[in-house]
Amino acid sequence: MKKPVYNRILLKLSGEALMGDEPYGIDARKLVQYAEEIESVHALGVQVGVVIGGGNIFRGTMAAAAGITKVSGDTMGMLATLINGVALQNVLESRGIFTRLMSALVMEQVAEPYIRRRAVRHLEKNRVVIFAAGTGNPYFTTDTAAVLRGVEIEADVVIKATRVNGIYDADPERVKDANYFPSLTYRDVLEKNLRVMDLTAITLCQDHELPIIVFNVNVPGNLLRVMMGEKIGSIVGPARPMPAAEPAVEATA
């Protein structure tokens, strides 16, 4: 059987994706679907780290409208990611997958505190690691947290799961003739002001030459196809041609 092209990945799931067709909160069907996608690549021996957002429960704009400060609003958003992390952890474990939920905010009754070396060890033991509470600091998005964790755990790629097929110059759900980009450099994203991830996240990827793949997670099997090297979604990488990814190496006793 063909081996996956990536050995260790950082998957970014948005909170909004978990809403599915619901107006608020978690759509159980979507939660199960995303767990199945993770399970399919985990079964191949791919080490999976997940950063999850909290926009399905609370967003900073909601805080501003209520007169809540930015710092407090961001803290509330980080707590929302913990709720989503607990939900994803339980669904994965119900499928027989060992997981660890790690939080950038200290909440020992719910999750392990985030320690980089411990997170890497969990991954080496083939546990899915869910990183919650963003970076643990206000003013930073969960996209930035995803890239930061990706750099820290030395992931081969950051994979951003979205509701659309890749990167466009406008929202394809609202603009019918939006232009699709199958591949871009970090500079392209910054110069075109494309809303793939925020400026901090893109710059951090550029500094560490960490590629980003943006794909439609709502198409069943897409994450597995990405792992097997199929041209699914859009890829952002260095200006120079990216070297071919090495196949995952099987662990030896």
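Strand β1 sits well inside this predicted model: 6 of its 6 residues are buried, so the strand is largely enclosed by the rest of the structure. Buried here means under 20% relative accessible area, with exposed being over 50% and partly exposed in between (1.4 Å probe, protein chains only). Arg8, Leu10 and Lys12 point one way from β1, while Ile9, Leu11 and Leu13 point the other way.

On the pairing side, β1 runs parallel to β2, joined by 6 bridges, and parallel to β6, joined by 5; strands pair if DSSP finds at least two bridges between them. Isoleucine 9 has valine 48 of β2 as its bridge partner, and lysine 12 has lysine 160 of β6.

Helix α6 (residues 142-152) also has its buried set, including Asp143, Val147 and Arg149. The buried residues of α6 pack against β1, β2, β5, β6 and α8, with contact taken as heavy atoms within 4.5 Å.

Then there's asparagine 84, in helix α4 (residues 70-94), which is buried at a relative accessible area of 0%. The side chain of asparagine 84 reaches the backbone oxygen of glycine 53 at 2.8 Å. Leaving out residues up to four places away in sequence, asparagine 84 touches Gly15, Leu18, Ile26, Ile52, Gly53, Gly54, Asn56 and Ile57.

Residues are numbered from 1 along each chain as its sequence is written, and side-chain values use heavy atoms, leaving out hydrogens and water. Local features need pLDDT of at least 70 and side-chain atom pairs count only at pLDDT 80 or more, whereas totals for chains, interfaces and linings use all residues.

Key:
Helix = DSSP H or I, 4+ residues; strand = E, 2+ residues; numbered from the N terminus. Polar contact = N/O pair within 3.5 Å; in protein donor to acceptor, adjacent residues only side chain to side chain.
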